[in-house]
Amino acid sequence: MSEAIRCDRCGNVFSNDIPDTIEFWEIENKYLCWDCKSQLGLTDCCSCGSDMYINENEFDLDLCPKCLEKWKADNSKKV
């Protein structure tokens, strides 16, 4: 069923029927539209999917701190 959801940052209303227009971000504890999400620099960890801020690490990878540590450990073994 279609539902109208208001962005907690800009106040614009979006339908949850349209993918990627608005979603709840636990890291901000807010519903954010795609534009506000982009302005705040939010993304999903490319490994586990948890909320995170873009470029949160020195390797410019979209990995949360936990997945980044695993990635570093896995790659240090290859050297």
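Predicted model: local features only at pLDDT ≥ 70, side-chain atom pairs only at ≥ 80, totals over all residues.
Residues are numbered from 1 along each chain as its sequence is written, and side-chain values use heavy atoms, with hydrogens and water left out.

Colleague: How many disulfides does a search of the whole structure find?

Modeller: A disulfide is defined as a pair of cysteine sulfur atoms within 2.5 Å. The sulfur of C7 has its closest cysteine sulfur in C10, at 3.7 Å, which is too far for a bond. C45 is likewise in no disulfide, as the nearest cysteine sulfur, that of C67, is 3.8 Å away. For the whole structure, the number of disulfides found is zero.

Colleague: Is C7 buried or exposed?

Modeller: Relative accessible area, computed with a 1.4 Å probe on protein chains only, decides this: under 20% is buried, over 50% is exposed, and in between is partly exposed. Because the relative accessible area of C7 is 2%, C7 is buried.

Colleague: Which residue has a backbone oxygen 2.9 Å from a polar atom of the side chain of S76?

Modeller: S76 is partly exposed, with a relative accessible area of 49%. The backbone oxygen that lies 2.9 Å from a polar atom of its side chain belongs to A73.

Colleague: What is the angle between the planes of F24 and Y31?

Modeller: Rings of Phe, Tyr and Trp (its six-membered ring) pair if their centres lie within 6.5 Å, with planes under 30 degrees apart counted as stacked, over 60 as edge-to-face and the rest as tilted. F24 and Y31 form an edge-to-face pair, 5.2 Å centre to centre, and the angle between their planes is 70°.

Definitions and conventions
Polar contact = N/O pair within 3.5 Å; in protein donor to acceptor, adjacent residues only side chain to side chain.
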